Amino acid sequence: MGLRFSLASVCLSLPLLCVSVSLAGCKSSGPAVPAASSQQKTFHLRGKIVAVDAAGGHITVDHGAIAGYMDAMTMSYKLVQPETISELHVGDIITANVVVDYDAAGPLNPRLDQIVVVGQARPDTKPTVQYHVPKAGDAVPNFALLNQSGKTIHLEQFRGKVLLLTFIYTRCPMSDFCPRMSANFAEIDKGLAADQGLYAKTHLLSVSFDPKYDTPQVLRSYGGAHTGRFTEEDFKHWDFAAPTVAELPTLEQYFDVGVTGDSSDPSSIQHSLSTVLIGKDGKVLAWYPTNDWKPADVLKQVEQAAG
């Protein structure tokens, strides 16, 4: 599959190593969950690497509080993929999933998965792809997409409305990634629908980065299931769409979406996340690069932007 390099973030995940803005490639395998474990939970971490033990296969991270798990502290973590440790350096700023097993005695065996390097201490590889990190005030290009109705839509057609955009692919098996984004959007859609005046000033757009499989027919079925209206959904407020295969890399790079894998093998696809709030003038208002944003918080931002 090869490696891909850029400047923004790196995603190291099971079963492959994906580098969204610094490097991408494939790895496999990981430690087995202990037999004594009766439950597993996943939390989200953001922090700075302060030590790397390549021989031991773990890193020490100075991180903020992890909601529902622990207060801010400096702690050593094993990696789900210890072979990826060569891509991590002291000083790197990372986000990651903390996977924790639970038994009758409490939490045990915390380890890191879905590592994303959001700030490199040692950008030691020359990037071949430049990823853009969305910032407030950035003008969004007029990307073209094919929606669930087989109609070509352009981002500029939503000028005058507040647009909330996210990235998914319909076969995503990870509940904390695409399914979570779609569930969050469904909650926001229902919240906006409570005020018809506000509903008319806003629009939602879910963009697939798997255009080979996510055809209009597939997107229509997926979208109807997530809005809850199924075949009765008219998609007037929430579009599900995909770019052409040729235009996909440009779209991914602008919105800082790192994707590796092959559509012919959906289990091989790994990706980062990107949700963007775009104002009535077509400029970025806010960017949410992880899965820890709350629908209620984003709904308030959408309402404020819509006026």
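Contact, in this talk, means heavy atoms within 4.5 Å. Axes are lines fitted to C-alpha atoms, for helices over the stretch in contact, and angles run from 0 to 180 degrees between N-to-C directions. Helices (H or I, at least four residues) and strands (E, at least two) are DSSP runs, numbered from the N terminus.

Good morning. The structure before you is a predicted model, in which local features need pLDDT of at least 70 and side-chain atom pairs count only at pLDDT 80 or more, while totals for chains, interfaces and linings use all residues. Residues are numbered from 1 along each chain as its sequence is written, and side-chain values use heavy atoms, with hydrogens and water left out.

Let me begin with the overall picture. The protein chain contains five helices and 16 strands. Of its 307 residues, 50% are buried, a word that stands for under 20% relative accessible area, with exposed meaning over 50% and partly exposed in between (1.4 Å probe, protein chains only). If we take the contacts between residues at least 6 apart in sequence, 64% join residues at least 24 apart.

I turn now to the sheet. Two strands pair if DSSP finds at least two bridges between them. Seven strands form an open sheet with mixed pairing, in the order S9-S8-S12-S11-S10-S15-S16. Which strands are the edge strands? They are S9 (152-154) and S16 (284-288), each of which pairs on one side only. From one strand to the next, the twist averages 30 degrees. Strand S8 (residues 144-147) runs antiparallel to S9, and three bridges join them. In this pairing, Leu 145 stands opposite Ile 153 of S9.

Two helices deserve attention here. Helix H3 (residues 216-227) packs on the sheet and touches S8, S10 (162-168), S11 (202-208) and S12 (238-242); its direction makes about 150 degrees with that of S12. Helix H5 (residues 295-306) lies across S10, S11, S15 (275-278) and S16, at about 145 degrees to S10.

With twelve residues, H3 reaches 16 Å from its first C-alpha to its last, close to the 16 Å expected. Which residues of H3 are buried? They are Pro 216, Leu 219, Tyr 222, Gly 223, Gly 224 and Thr 227. As background, an α-helix has 3.6 residues a turn, so residues three or four places apart point the same way. The buried residues of H3 pack against S8, S10, helix H1 (178-193), S11 and S12. Just after H3, Gly 228 takes a positive phi of about 90 degrees.

H1 itself has 16 residues, and its end C-alpha atoms are 22 Å apart, in agreement with the span of 22 Å that it should have. Among its buried residues are Met 181, Phe 185, Ile 188 and Leu 192.

The next topic is the aromatic rings. Rings of Phe, Tyr and Trp (its six-membered ring) pair if their centres lie within 6.5 Å; planes under 30 degrees apart count as stacked, over 60 as edge-to-face and the rest as tilted. The structure holds twelve aromatic pairs. One of them joins Phe 167 and Phe 255, which are tilted, at 5.5 Å centre to centre with 50 degrees between the planes. This pair links distant parts of the chain, 88 residues apart: Phe 167 belongs to S10, and Phe 255 to the loop between helix H4 (248-254) and strand S13 (259-262). Phe 167 is buried, at a relative accessible area of 2%, and Phe 255 is buried at 0%. Tyr 288 and Trp 293 form a tilted pair, because their ring centres are 5.9 Å apart and their planes meet at 40 degrees. Tyr 288 is buried at 11% relative accessibility, and Trp 293 is buried at 7%. Ring pairs also link Phe 185, Tyr 222, Phe 235, Trp 238, Phe 240, Tyr 288 and Trp 293 into a cluster.

Charges can sit over rings as well, if NZ of Lys or CZ of Arg is within 6 Å of the ring centre and within 35 degrees of the ring normal. Lys 41 lies over the face of Tyr 102, 5.0 Å from the ring centre. The charged end of Arg 171 sits over the ring of Tyr 213, at 3.8 Å from its centre.

Finally, strands S3 (residues 39-53) and S4 (residues 58-63) pair antiparallel over six bridges, with Lys 48 opposite Asp 62. Their hairpin has four residues between the strands, and Gly 57 takes a positive phi near 70 degrees there.

Technical notes. The expected span of a helix is 1.5 Å times one less than its number of residues.
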